[in-house]
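Let's take a walk through this protein together, one feature at a time. Have the sequence and the 3D view open as you read.

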Amino acid sequence: RCKNLSVSFWNSYWMLPSDVCGMNCFWEAAFRYDYMKTHPSEKMHLAVVACGERLEETVTMLRSAIIFSIKPLHFHIFAEDQLHESFKDILDEFPYEGKVNYTLYPITFPSESAAEWKKLFKPCASQRLFLPLILKNVDSLLYVDTDILFLRPVDDIWSFLGKFNSTQIAAMAPEHEEPRIGWYNRFARHPYYGVTGINSGVMLMNMTRIRRKYFKNDMTPVRLQWGEILMPLLKKYKLNITWGDQDLLNIMFFHNPESLYVFPCQWNYRPDHCIYGSNCRAAEEEGIFILHGNRGVYHDDKQPTFRAVYDAIKNYSFGDDLVHSLLQPLERELQKTTHTYCGRVYKVFIKQLTKSIRDLYARRSKG
């Protein structure tokens, strides 16, 4: 995948930086190939929850998922009723019939506590907690926030399911790499996972295992299933949690650490990884795999590096040449952001994107 591509094929494209490849790349590619070979027709399920003014942002995320992914995708879109027609109009125009399917769902919470869940943190955010109970026929699922952008195939994070050991039911990235700027380790008034907590903006789930598991907890000596533990957790900690459903997940995996697979920071790269200086070493080495523009940075001028990537994917037209219509214009915009801390490491924003484009053209060249 890295070294044995014909030089003539790449004459019209940029050459990969030498440090992108090597044995790490070889083994990563070997694992990915082996997983796909043993799961050839598997459909990938991706869920998102959209409320308020999140239509455009959600569609841009879905576009980024489609551009590079290999296996078929099924989108599970949970949205307020007034957004459904807009989603249908846009998604029905996507030119990938057969590769992409979608299902729209209303926002729903348990009837006896719906009001309490709705007002927890941001509107609709806690919907993600109930996905294993709603999507009963879905075995595995990748949940992402609306402000996510995929810079490499969804297939690659999906393949982490094959790395789960017998006790692991979900995968997430740490909330922080640097404890000195960590939120949970400095301010949390509740238990949290690991040293700096976990971020739930990108959450890979084996939902069959989640539905079957009995969770240890600090409320009763009796272990509780997913559907039984959520409301008691909220009642106990609702005065102590700041980040809503993410805090509840931290509490849950604090008591059940053996159930979590932790993936590196480049799979959930946020402004905190660069606004105080670069602190995601994996991204420095390999590039950003999934960009997470939390705190609205795609829509203001505070972090122009993040906004440049968002605008580039939003404005890209399916079918256009990815090098000339996406990659090269994006690099020009990123070079204008070097006055910011994130802009100083702008190359990590395009390193993996460059590689993903080349992989895509290599697959096409092989028919």
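When two residues are said to touch here, it means that they have heavy atoms within 4.5 Å of each other. One more thing before we set off: this is a predicted model.

Skipping residues up to four places away in sequence, Tyr269 touches Cys274, Cys280, Ala283, Ile288, Ile290, Leu291, His292, Phe306, Val345, Val348 and Phe349.

A disulfide is a covalent bond between the sulfur atoms of two cysteines. How many disulfides does the structure hold? There are 3.

Take Cys280 to begin with: it is joined by a disulfide to Cys265, with 2.0 Å from S to S. The angle about that S-S bond is 95°, and the link is right-handed. Both Cys265 and Cys280 lie in the loop between β8 (260–262) and α11 (281–286), so the pair ties together parts that are 15 residues apart in sequence. Are these two buried or exposed? Cys265 has a relative accessibility of 3%, so it counts as buried, and Cys280 is buried as well, at 1%.

Now for Cys274, which pairs with Cys342, their sulfur atoms 2.0 Å apart. The torsion about their S-S bond is about 85°, so this disulfide is right-handed. This pair links distant parts of the chain, 68 residues apart: Cys274 is in the loop between β8 and α11, while Cys342 is in helix α14 (residues 341–344). Cys274 is buried, at 0% relative accessibility, and Cys342 is buried with a relative accessible area of 0%.

The remaining pair to visit is Cys51 and Cys124, with sulfur atoms 1.9 Å apart. Here the torsion about the S-S bond is about -95°, so the disulfide is left-handed. Cys51 is in the loop between β1 (44–50) and α2 (55–68), and Cys124 is in the loop between α4 (114–118) and α5 (131–134), so to speak distant parts of the chain, 73 residues apart. Cys51 is buried at 9%, and Cys124 has a relative accessibility of 9% and counts as buried too.

Next, look at α2 alongside helix α12 (residues 304–315). Their axes come within 9 Å and cross at roughly 75°. Angles of 65 to 115 degrees count as roughly perpendicular, and α2 and α12 therefore are roughly perpendicular to each other. Where they meet, α2 brings Glu56, Glu57, Thr60, Arg63 and Ser64, and α12 brings Tyr310, Ile313, Lys314 and Asn315.

One last stop is His190, in the loop between α7 (184–187) and β7 (198–206). His190 is buried, with a relative accessible area of 7%. Apart from neighbours within four places in sequence, His190 is in contact with Tyr184, Tyr237, Asn240, Ile241, Asp247 and Ile251.

Technical notes. Residues numbered from 1 in each chain as written. Predicted model: local features only at pLDDT ≥ 70, side-chain atom pairs only at ≥ 80, totals over all residues. Heavy atoms only, no water. Disulfide = S-S within 2.5 Å. Helix = DSSP H or I, 4+ residues; strand = E, 2+ residues; numbered from the N terminus. Buried < 20%, exposed > 50% of the residue type's maximum accessible area, 1.4 Å probe, protein only. Axes fitted to C-alpha atoms, helices over the stretch in contact; angles between N-to-C directions. Parallel < 35°, antiparallel > 145°, perpendicular 65-115°, else oblique.
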